[in-house]
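Below is what I looked up, in the order I looked.

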Amino acid sequence: MISVEQHLDRVLAAVGPAAPRRTPLAGAHGCVLAEDVRAVVPVPPFDNSAMDGFAVRAADVRAATTGTPVRLAVVADLPAGSGERPEVRPGTAVRIMTGAPVPPGADAVVPVEDTDVPPGPHPLPATVEVRRAVPPGTHVRRAGDDVARGAVVLRAGTPLRARDLSTAASAGHGELLVHPPVRVGVLSTGSELVAPGTPLAHGQIPDSNAVLVAGMVHESGGVPVLLGSVDDDPDALRGLLAARLGEVDAVVTTGGVSAGAYDVVKEVLAPLGDVAFDKVAMQPGKPQGFGTLRDGGRPVPLFALPGNPVSVFVSFQVFVHPALTRMRALVAGGARPTVAAVAAQGWRCPAGRRQYIPVVVETSDAPDGSSGTVRVRPAAAGGSGSHLVASLALADALAVVGDDVEEVHEGDAVRVMMVP
Ligand SMILES: Nc1nc2c(c(=O)[nH]1)N[C@H]1C(S)=C(S)[C@@H](COP(=O)(O)OP(=O)(O)OC[C@H]3O[C@@H](n4cnc5c(N)ncnc54)[C@H](O)[C@@H]3O)O[C@H]1N2
Ligand code: MOO
């Protein structure tokens with residue numbers, strides 16, 4: 001039996017990020033940035049109007065009020081996107097729309113509501129009556145107000161969110177140097193499996209692992225590629241892997257790794273040399289296979305997880321999630337975070353194996369209203385069991401109990417791994 005850390009170290013030593021490549025912004029969401037990004041243009045790129053109205057010289061309208069309006073000649077029209085630069089001389093104004101460049105000579109914008117011109121679509125008036133004074137700079141958004149040219153706007157190592165992409169776009173970039181998305185093949189094994197929703201004949205069960213793994217791949221920032229399920233037939237598994245390996249950067253299989261007479265994953269992969277099958281001192285998730293397949297010369301890490309659904313969930317969070325973090329080139333967030341909690345009820349634990357038990361988290365405020373205590377109880381009425389798949393949905397987290405503990409008592413301190 002090897003420890004969780006030994007297995008994880010072996011996994012992490014075998015995986016790494018793919019070379020970064022320039023990618024259009026539209027395809028870069030979720031990818032990890034490979035270099036710092038600087039603004040190649042200031043944001044905003046030019047002085048522009050914050051209001052629909054009239055660009056004026058502030059000095060011309062210094063005395064304007066509703067009772068003593070100032071009339072100016074309207075000499076040009078500036079819709080957003082206009083490249084014109086009409087001069088605003090004393091006594092004149094230019095009609096301007098939000099986002100249009102402030103014309104030379106003007107130093108303020110009077111909103112249309114503070115004039116005699118009704119808001120909305122109208123022909124360009126010959127004159128405008130300004131009914132309110134505007135100090136210099138009013139409703140003018142200055143070039144570089146937000147970000148100066150050359151400033152770092154995004155840091156390497158961060159996953160690109162929607163707003164990061166908008167920052168990159170506004171700072172002048174159409175592409176970014178990013179690590180490519182990690183495509184993870186999801187493959188269920190077992191002759192008992194049928195597609196979810198299919199009526200079950202005796203002996204059959206729904207393939208719940210495929211959707212579980214695919215969803216966790218998403219939650220870990222990867223791209224799931226559903227490879228389907230194969231019967232416990234070595235040739236079928238061999239054939240599927242040979243046919244589809246080129247489409248993926250990693251593979252997660254479930255089932256077929258323990259001691260059964262039909263455990264085909266072990267049978268097919270063990271002779272490939274680099275795939276090792278170990279017993280890991282954890283519960284659930286004891287039988288684990290891991291190794292590197294070759295697609296031509298390209299290494300493709302393969303995780304052979306045990307078939308029991310709770311084992312799949314735990315094994316993924318403990319081994320596959322950190323590996324995907326490294327393959328994506330993320331700087332932070334390798335292991336799921338843990339927090340301190342208190343057991344709200346007791347439960348049994350296996351001797352000699354670290355327990356990862358799905359728990360419900362209850363927070364309660366202290367009587368003085370100060371910081372709450374995190375209390376946890378097993379999510380499944382049956383406590384700890386790798387087949388208790390339906391109650392997995394109730395769990396908020398995994399309590400992690402040391403291999404030297406045989407029973408957790410109510411009130412004991414426990415570490416809790418936060419999972420999506
Ligand atoms: N003699 C021994 N038997 C077992 C051992 C052992 O050490 N010696 N280990 C047990 C432990 S612990 C685990 S975990 C399981 C792992 O078994 P396998 O990886 O070989 O998985 P299967 O036998 O194929 O399936 C186990 C279980 O999970 C169900 N299953 C499988 N795939 C799916 C799926 N896609 N969706 C839903 N459920 C699935 C399957 O029907 C079985 O009930 O081995 C123990 N046995
Ligand atoms: O290790 Mo198995 O995952 O205990 O059920």
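**Entry 1: around the ligand.** Before listing neighbours I had to settle a word: a residue is near a molecule if its C-beta atom, placed from the backbone, lies within 6 Å of it. I also noted that this is a predicted model. Which residues come nearest to ligand 1? I found 26 residues around ligand 1, and Asn-209, Gly-255, Ser-258, Pro-306 and Gly-307 come nearest. I then sorted the shell around ligand 1 by class and got eight nonpolar, 14 polar and four charged residues.

**Entry 2: helix α3 against helix α6.** On the α3 side I wrote down Asn-209, Leu-212, Val-213 and Met-216; they meet Pro-309, Val-312, Phe-313 and Phe-316 of α6. By class, this contact of α3 with α6 holds seven nonpolar residues, one polar and no charged ones.

**Entry 3: helix α1 against helix α6.** I stayed with α6 (residues 309-328) and looked at α1 (residues 4-14). At what angle do the axes of α1 and α6 cross? They cross at roughly 30° and come within 10 Å. α1 and α6 are therefore roughly parallel to each other, and their crossing is right-handed. From α1, I listed Val-4, His-7, Leu-8, Val-11 and Leu-12, which meet Val-318, Phe-319, Pro-322, Ala-323 and Arg-326 in α6. The residues of this contact of α1 with α6 divide into eight nonpolar, one polar and one charged.

**Entry 4: a sheet of five strands.** Next I traced an open sheet and wrote its order as β8-β5-β7-β6-β9, with mixed pairing. Which strands stand at its edges? They are β8 (108-111) and β9 (127-130); each has a single partner strand, so one side of each is left without a neighbour in the sheet. On average, neighbouring strands of this sheet are turned by 40° against each other, direction ignored. Inside the sheet I picked out β6 (residues 70-78) and β7 (residues 92-96), which run parallel and are joined by five bridges. One pairing I marked is Asp-77 with Arg-95, its bridge partner in β7.

**Entry 5: a sheet of three strands.** I found another open sheet, with the order β1-β12-β2 and antiparallel pairing. β1 (21-24) and β2 (32-33) stand at the edges with a single partner strand each, so one side of each is left without a neighbour in the sheet. Four bridges join β1 to β12 (residues 175-179). In β12, I noted Val-178 as the bridge partner of Arg-21.

Entry 6: I finished with the loops. Where does Pro-44 lie? I placed it in the loop between β3 (37-38) and β4 (48-49), and the peptide bond from Val-43 to Pro-44 is cis, with omega near -5°. The peptide bond from Gln-283 to Pro-284 is cis as well, with omega near 0°; Pro-284 is found in the loop between β19 (282-283) and β20 (287-295). His-139 is not a glycine, yet it has a positive phi of about 60°.

How values were computed. Residues are numbered from 1 along each chain as its sequence is written. Chains are lettered from A and ligands numbered from 1 in the order in which they are written. This is a predicted model: local features need pLDDT of at least 70, side-chain atom pairs count only at pLDDT 80 or more; totals for chains, interfaces and linings use all residues. Ala, Val, Leu, Ile, Met, Phe, Trp, Tyr, Cys and Pro count as nonpolar, Asp, Glu, Lys and Arg as charged, and the others, Gly among them, as polar. Axes are lines fitted to C-alpha atoms, for helices over the stretch in contact, and angles run from 0 to 180 degrees between N-to-C directions. Helices (H or I, at least four residues) and strands (E, at least two) are DSSP runs, numbered from the N terminus. Angles under 35 degrees count as roughly parallel, over 145 as roughly antiparallel, 65 to 115 as roughly perpendicular and the rest as oblique. A crossing is left-handed if the near helix is turned anticlockwise from the far one by less than a right angle, and right-handed if clockwise. Two residues are in contact if their C-beta atoms, placed from the backbone, lie within 7 Å. Two strands pair if DSSP finds at least two bridges between them.
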